[in-house]
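Dear colleague,

I am passing on the structure we talked about, and you will find the sequence and the coordinates just below.

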Amino acid sequence: VDYFNGARLVVETSKDPVYSSNGANVTLPCHYHYEPDMEAKPKIRIKWSKLRDDYTKEQDVLVAIGKTYMAFGDFQGRAHLRQVSRREASLVISNVRLQDDGKYRCEVIDGLEDESDVVDLQLQGIVFPYQPPRGQYRLNFHEAEQVCQEQGAILATFNQLFQAWSEGLDWCNAGWLADGTVQYPIRLPRKPCGGLHLAPGIRSYGPRHRHLHRFDAFCFSSGLRGEVFYLDHPAGMTLEEAKQSCQDAGAEIARVGQLYSAWKFLGLDRCNAGWLADGSVRYPITKPRANCGPAEPGVRSFGFPNKGRFGVFCYKER
């Protein structure tokens, strides 16, 4: 093969996923070299893009020539190049957000030569199914996006749902995913969930109409930058009293995504039911025991009681 400048440009990123969590800083490694070796031009152009799951471009992240660079969209003020070693083009993202999860292309352009490689950024998180107070199958796609955001989360991707299924998630109600498809994870095949004859796996309804069709949601939340703690009162509290108690403690009433994250990543275990911001009452169990629900770990739900007095789960930033 004849190359434009007599040498082959090679771009390499991490073959393994790079893991991070919400609020952290992360470096996506990328290096380039020539075969045979030669001196790089001073005007090498480096471009980072975020990709969809099918590897088509979703958005521009950053473009750089020499020491000059420009970040775009949500990455402005959060993305820059790390070039501490020779021929390095690594991308640094600070204050990682839930929507940063995904594939990134590192592209190096030298004159007419253009080579690239892809690295996968995976946020360590948890997928949880969500139904609003109105009940099952009440959300169109845009409403599902909204309720996940209100719970400190985003709509899960298929890859995130698949990972949750491989870790044991079994849920018979169909929910929206970030790509506009409707799916649900089944570990134990049974009649109401596609039938006994189907193997375990992710059941899919495929893409649905984003305005007309209504389902539940699968939300994704990552690690916390604070702590979730429980407050109680001898007589219990109404929802409004619970919100005020959190405020008096210098905190806010916790969201559902924050409770799930505290359960999974911080080992929160409490056999007392508490209010959450959406008006639901739940409690997290990491060590199943008598009088604390089923024999498996999980976040138990009492639904959305109209009356009743309970404790409250609060969230406070570090």
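This is a predicted model: local features need pLDDT of at least 70, side-chain atom pairs count only at pLDDT 80 or more; totals for chains, interfaces and linings use all residues.

**Strand S17 and its partners**

Two other strands also pair with S17, and in both cases the sense is antiparallel. Strand S12 (residues 125-130) is joined to S17 by six bridges, and within that pairing Tyr 130 stands opposite Ala 217. Strand S13 (residues 154-155) pairs with S17 over two bridges, and there Leu 155 is the residue that stands opposite Cys 219.

How many of the seven residues of S17 are buried? Seven of the seven are, so the strand is largely enclosed by the rest of the structure. In a regular strand, side chains alternate between the two faces of the sheet. In S17, Asp 216, Phe 218, Phe 220 and Ser 222 point one way, whereas Ala 217, Cys 219 and Ser 221 point the other way, and all of them are buried.

**The disulfides**

Cys 219 leads on to the next topic, as a disulfide joins Cys 148 to Cys 219, with an S to S distance of 2.1 Å. Cys 148 lies in helix H1 (residues 141-150) and Cys 219 in strand S17 (residues 216-222), so this pair ties together parts that are 71 residues apart in sequence. The link is left-handed, with -80 degrees about the S-S bond, and both Cys 148 and Cys 219 are buried.

The count of disulfides comes to five, and two others are described here. One of them joins Cys 246 to Cys 314, at an S to S distance of 2.0 Å. Cys 246 is in helix H3 (residues 239-248) and Cys 314 in strand S23 (residues 311-317), so parts that are 68 residues apart in sequence are tied together by this pair. The torsion about the S-S bond of Cys 246 and Cys 314 is about -80 degrees, so this disulfide is left-handed, and Cys 246 and Cys 314 are both buried.

The other joins Cys 30 to Cys 106, again with an S to S distance of 2.0 Å. This pair links distant parts of the chain, with Cys 30 in strand S4 (residues 30-35) and Cys 106 in strand S10 (residues 102-110), 76 residues apart. The link of Cys 30 and Cys 106 is left-handed, with -80 degrees about the S-S bond, and both cysteines are buried. If the bonded cysteines of the chain are numbered in sequence order, the pairing reads 1-2, 3-6, 4-5, 7-10, 8-9.

**Domains and the UniProt record**

The domain assignment divides the chain into domain 1 (8-123), domain 2 (125-221) and domain 3 (224-317). The centres of domain 1 and domain 3, taken over C-alpha atoms, are separated by 40 Å.

UniProt, in an unreviewed entry, lists residues 126-221 and 227-316 under "domain: Link". In the model, residues 126-221 are 20% helix and 29% strand, with the end C-alpha atoms 5 Å apart. Residues 227-316 are 22% helix and 27% strand, and the end C-alpha atoms of that span lie 6 Å apart.

Is Arg 78 buried or exposed? Its relative accessible area is 5%, which is under the 20% cut-off, so Arg 78 counts as buried. Arg 78 sits in the loop between strand S7 (68-71) and strand S8 (79-82), and a polar atom of its side chain lies 3.0 Å from the backbone oxygen of Asp 74. Leaving aside residues up to four places away in sequence, Arg 78 touches Val 92, Ile 93, Ser 94, Asn 95, Val 96, Arg 97 and Asp 100.

Thr 27, found in strand S3 (residues 26-28), is partly exposed, with a relative accessible area of 27%. Thr 27 and Leu 81 are 54 residues apart in sequence, and their C-alpha atoms are 9.1 Å apart in space. With residues up to four places away in sequence again not counted, Thr 27 touches Val 18, Arg 82, Ser 90, Leu 91 and Val 92.

With best wishes

Methods. Residues are numbered from 1 along each chain as its sequence is written. Side-chain values use heavy atoms; hydrogens and water are left out. UniProt positions are given in the numbering used here, feature names are shortened, and annotations may be inferred rather than shown by experiment. Helices (H or I, at least four residues) and strands (E, at least two) are DSSP runs, numbered from the N terminus. A disulfide is a pair of cysteine sulfur atoms within 2.5 Å. Buried means under 20% relative accessible area, exposed over 50%, partly exposed in between (1.4 Å probe, protein chains only). A polar contact is a pair of N or O atoms within 3.5 Å; within protein, one must be able to donate a hydrogen and the other to accept it, and residues adjacent in sequence count only if both atoms are side-chain atoms. Contact means heavy atoms within 4.5 Å. Domain bounds come from an automatic or database domain assignment. Two strands pair if DSSP finds at least two bridges between them.
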